[in-house]
Amino acid sequence: MSCVHGKDPWQSAYDEMRFFQGKSIEGVDTKTLNGKIVCGYQGWFNTPDDGYSLGWKHYSSEVGRRKGQFKPGFSSIEFWPHTSEFPAEALTETKWRKKNGSPAKVFTSTHPGVVMKHFEWMQEYGIEAAFLQRFVGPTVTKSARFRKNNRILDNVRTAANATGRA
């Protein structure tokens with residue numbers, strides 16, 4: 001179990017939690033869901049270099065001989081994600097290659113720029129609200145996942161408020 005800043009990892013995770021203090025713009029009426037287009041948001045993709053030590057979470061298989069591997073022949077995604085609008089620092093190179101020979105990249109859901117872009121797309125396409133899904137089991141057993149889920153929550157609150165989404 002690794003420690004953040006020399007503290008117990010659970011205490012570090014609790015210390016990072018905070019109330020939303022950012023700016024909000026007027027947008028969707030949050031008093032009701034009647035007549036609204038709503039989506040679910042999970043934010044569950046990790047890369048080995050995103051700071052959470054969770055590896056290729058949800059890009060690779062969780063079980064069996066493929067567990068933790070994300071390379072040609074070892075993948076659990078059905079479609080390659082669109083990444084051209086994400087910040088470069090949110091992307092990680094993979095062992096796959098594009099037709100032009102350059103490395104194919106994937107995103108981490110923990111980067112605020114990725115979440116912001118998702119919410120900008122929601123705004124652009126008329127999705128008015130998002131339910132953030134948080135899986136309790138992994139969150140209560142691993143401090144890294146707890147920290148990651150809290151980061152996603154922070155990023156979602158910031159992006160929703162910045163784009164007027166509920």
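Author: A helix here is a DSSP run of H or I of at least four residues, numbered from the N terminus. The model is predicted. In it, Thr 163 belongs to helix α4, residues 143–163.

Reader: Why is Thr 163 called buried?

Author: Its relative accessible area is 3%. Buried means under 20%. The value of 3% falls under that cut-off, so Thr 163 counts as buried.

Reader: Which residues is Thr 163 in contact with, leaving aside its neighbours within four places in sequence?

Author: Ile 25, Met 116, Phe 119, Glu 120 and Gln 123. Contact requires heavy atoms within 4.5 Å.

Reader: Which residues of α2 and α4 meet?

Author: From α2 come Pro 112, Val 115, Met 116, Phe 119, Glu 120 and Gln 123. From α4 come Asn 155, Val 156, Thr 158, Ala 159, Ala 160, Ala 162 and Thr 163. By class, this contact has eight nonpolar, four polar and one charged residues.

Reader: How is the packing of two helices described?

Author: By the angle between their axes and the distance between the axes. For α2 (residues 112–124) and α4, the angle is about 40° and the axes lie 9 Å apart.

Reader: What is the handedness of the crossing of α2 and α4?

Author: Right-handed. That term applies if the near helix is turned clockwise from the far one by less than a right angle.

Reader: What makes up the largest nonpolar core?

Author: There are 11 residues: Phe 45, Trp 56, Tyr 59, Phe 70, Ile 77, Phe 86, Ala 90, Leu 91, Val 106, Phe 107 and Val 114. Members of a core must be buried and joined through side-chain atoms within 4.5 Å. Tyr 59 is in contact with several of them, including Phe 45, Phe 70, Ile 77, Val 106 and Phe 107. A second, separate core has nine residues, among them Tyr 41, Ala 130, Ile 152 and Ala 160.

Reader: Why is Ser 53 called exposed?

Author: Exposed means over 50% relative accessible area. Ser 53 has 68%, so the label applies. Ser 53 sits in the loop between β1 (38–41) and β2 (91–97). Its phi is near 55°, a positive value in a residue other than glycine.

Reader: And why is His 58 called partly exposed?

Author: His 58 has a relative accessible area of 25%. Buried needs under 20%, exposed over 50%. The value of 25% lies in between, so His 58 is partly exposed. His 58 is also found in the loop between β1 and β2. Its phi is positive, near 70°.

Notes. Residues are numbered from 1 along each chain as its sequence is written. This is a predicted model: local features need pLDDT of at least 70, side-chain atom pairs count only at pLDDT 80 or more; totals for chains, interfaces and linings use all residues. Side-chain values use heavy atoms; hydrogens and water are left out. Helices (H or I, at least four residues) and strands (E, at least two) are DSSP runs, numbered from the N terminus. Buried means under 20% relative accessible area, exposed over 50%, partly exposed in between (1.4 Å probe, protein chains only). Axes are lines fitted to C-alpha atoms, for helices over the stretch in contact, and angles run from 0 to 180 degrees between N-to-C directions. Ala, Val, Leu, Ile, Met, Phe, Trp, Tyr, Cys and Pro count as nonpolar, Asp, Glu, Lys and Arg as charged, and the others, Gly among them, as polar.
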